[in-house]
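User: I am new to this structure and would like to learn how to read its side-chain contacts. Could you take me through them step by step?

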Amino acid sequence: MASYSRVGRLWNISALISRPHTVRNYVAVLDRPSAKMAVTGRLLLPATANHLLARNMFIQTQDTPNPNSVKFLPGRVVLETGTMDFAGPRDAYCSPLARHLFRIDGVKGVFLGPDFITITKADETLEWKVIKPDVFATIMDFFTTGLPVLNEEATQQADTAPSDDDDEVVAMIKELLDTRIRPTVQEDGGDVLYRGFEDGIVKLTLQGSCTSCPSSIITLKSGIQNMLQFYVPEVEGVEQVKDEEQEVEQGAKG
């Protein structure tokens, strides 16, 4: 069985991939008319508001390193285990919550974590103050219905937990990813999945806010790669493996 004695020193290195976060709390009473309701019926949120109460539900938002992604924390469990990444509406067939969120104009991606939901917008010119009210209302309304976040047929993506079939090097890599790196990346509204280890190269897939983040390469090289190399000498580098949906999108932009 692999030895993980080196993992205990990781807390000194975790700062390599940690970042400051801006958290905003919103509280709004949506079950009665508002003096600031626009003609279209949209609830306008004051730019300087720090609190918003939504029908017995306290929703926080947190900025991410990706300006096109915002992390929403509904104050309750979203997924019991693991994470789920939906790059587009067609991927959301197994999640009623994700399907509802994709109905909002401007929503490009939905990522579900243990206690948060990351929304990625499609257009850089589209302001968050236009999208946020609909996201707040959708999240609030969904959790009041009692519907499951995922359908029974949903298959959650594999995590990085070590298995009995892993050799010592792979087990150590997975242990570092699962206990130190993934929690930090999830703080930024994303996730990183293990895809393989071959010829000294660790293959990973970035998801959520990390998918199109301008600083994703820095996260891989300065954060994840440095940490893995520090504790696992066999690691020579880290390579990002894109999902099919990400490759199609990148090709369209090119």
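Analyst: Let us begin with a pair of residues: F142 is buried, and so is F143, where buried means under 20% relative accessible area, exposed means over 50%, and partly exposed lies in between (1.4 Å probe, protein chains only). Please keep in mind that this is a predicted model, in which local features need pLDDT of at least 70 and side-chain atom pairs count only at pLDDT 80 or more, while totals for chains, interfaces and linings use all residues. Residues are numbered from 1 along each chain as its sequence is written, and side-chain values use heavy atoms, with hydrogens and water left out.

User: How many aromatic pairs does the structure hold, and how are the rings of F142 and F143 arranged?

Analyst: Rings of Phe, Tyr and Trp (its six-membered ring) pair if their centres lie within 6.5 Å, and planes under 30 degrees apart count as stacked, over 60 as edge-to-face and the rest as tilted. The structure holds four such aromatic pairs. In one of them, the ring centres of F142 and F143 are 5.6 Å apart and the planes stand at 80 degrees, so this pair is edge-to-face. F230 and Y231 are also edge-to-face, because their planes stand at 70 degrees, with 4.7 Å between the ring centres; Y231 counts as buried, at 1% relative accessibility.

User: Which residue has its charged end over the ring of F116?

Analyst: A charge sits over a ring if NZ of Lys or CZ of Arg is within 6 Å of the ring centre and within 35 degrees of the ring normal. Here the residue is K71, whose charged end lies over the F116 ring, 4.5 Å from its centre.

User: How many salt bridges are found in the whole structure, and which residues does the network of shared partners join?

Analyst: A salt bridge is a side-chain nitrogen of Lys or Arg within 4 Å of a carboxyl oxygen of Asp or Glu, and a search of the whole structure finds five. One of them links E127 to K129, with the closest N and O atoms 3.3 Å apart; E127 is partly exposed at 42% relative accessibility, whereas K129 is exposed at 63%. Another joins D178 and R182 at 3.2 Å, N to O, and of these two D178 is partly exposed at 30%, while R182 is buried at 6%. In a further case K203 meets E198 at 3.4 Å, N to O. As for the network, salt bridges that share partners join D178, R182 and D191.
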